[in-house]
Amino acid sequence: MEKSQNVNPFILHILQEVDEQVQKGLEGGITLNIGGNNRLVPVERVTGEDFWIVSKILKNHLYINGLDVRYNLLKDVGAYYAAKLLQKQPNLVYLNLMFNDIEPEGGKLIAKALHTNTTLKYLRMTGNKIENKGGMFFAAMLQINSSLQKLDLGDCDLGMQSVIAFATVLTQNQEIKGINLNRPLLYGEQEESTVHLGHMLKENHYLIELHMCKHGIKNCGFQRLCNALYVNTSLRYLDVSCNKIIRDGIEYLADVLKSNTTLEVIDLSFNRIENAGANYLSETLTSHNRRRGLIALSQAMKTNPIFSHIYIWGNKFDEATCVAYSDLIQMGRLKPNNTDVEPFVVDGHVHLAEVSNGLKKHYYWTPAYGEAYGPSSNAGFALTQVGQHM
């Protein structure tokens, strides 16, 4: 009524649901989910002006500690109100702004608001094109902020300068437990960003989770990362998916795994490790295996009791591979929720079908039914969880 603005029925519906939760006696820890990709209710996407009203409401309701407004139309106007909210809502620990058309100026506003914020633990800016300029403001923020534990800047069009700035800042920052720097815009072939991040891993012994998807990492750069992992004692989740690592690069990783006892999750999907690369890994995990590729990894599971999750869909399966993984599942060594394949038999022959499990299956989207944040579909985050939403 103050703004003479029409009511957004989607926001009204979500707020009514929260009222019902409060009336049932839930007094704290509520996450307000106003995702524009919600397929279960009619959605009218939230604009920057709508978000002004949401931010005004949240200032007076301290039992709400999480806000998810992914896939809306906030733009820089909404970023301005999000920055104001971060300054005035003392209980907010989780803020998801992914894919809201926020540009460098909006990124600057949010980063500067975090200079004084002392409560936010997890900020997700995924898909907002804040570019190198916005990335530099976030890197500068990490020199000051002492509360943020996880920062997601994947698909934000970061440049080489800002990626190097993050690597530099993280040599000193002791609070950040997870950072996502997926798909920066890197035009060089010298792998400077990988070199700097490798140096950071040697110095930083607090970071638990590092995402470097689509960094153009080749064997030389991957060797630098692996050299850092000999001395790093904190990293538990390393994501180097969608890079240019081939079988020779995997040999460096296999050697690291002989001595590194902290790494728990390694995402190597969409690289070209081939049978030889799989053999390097399996020999490290079993110390005596001589079989090919996926079968070698299945044999490694039989002898290594710590090896619990494996995701293989997208590779070429011969019948021996299908039988090997079917046996693992039937004997109970590989739990059905810990892999992305399920065996079935046709005319006496074993085949493998895909199932909806993975390390981060719901990173970009949420399902139309079922649990969106279950451990089977987001195993990487479940295994290395450091707090709520993280």
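Start by selecting Lys258, in the loop between H9 and strand E9 (265–267); helices (H or I, at least four residues) and strands (E, at least two) are DSSP runs, numbered from the N terminus. Lys258 is exposed, with a relative accessible area of 61% (buried is under 20%, exposed over 50%, partly exposed in between, using a 1.4 Å probe and protein chains only).

A quick note before moving on: this is a predicted model, where local features need pLDDT of at least 70 and side-chain atom pairs pLDDT 80 or more, while totals for chains, interfaces and linings use all residues. Residues count from 1 along each chain as its sequence is written, and side-chain values use heavy atoms, leaving out hydrogens and water.

Next, pick helix H8 (residues 219–229) and helix H9 (residues 247–256). Their axes are 9 Å apart, at an angle of about 5 degrees; axes are lines fitted to C-alpha atoms, for helices over the stretch in contact, and angles run from 0 to 180 degrees between N-to-C directions. That makes H8 roughly parallel to H9 (angles under 35 degrees count as roughly parallel, over 145 as roughly antiparallel, 65 to 115 as roughly perpendicular, the rest as oblique).

Which residues of H8 meet H9? Show Asn219, Phe222, Gln223, Cys226 and Leu229 in H8, and on the H9 side Asp248, Gly249, Ile250, Tyr252, Leu253 and Val256. Contact here means heavy atoms within 4.5 Å.
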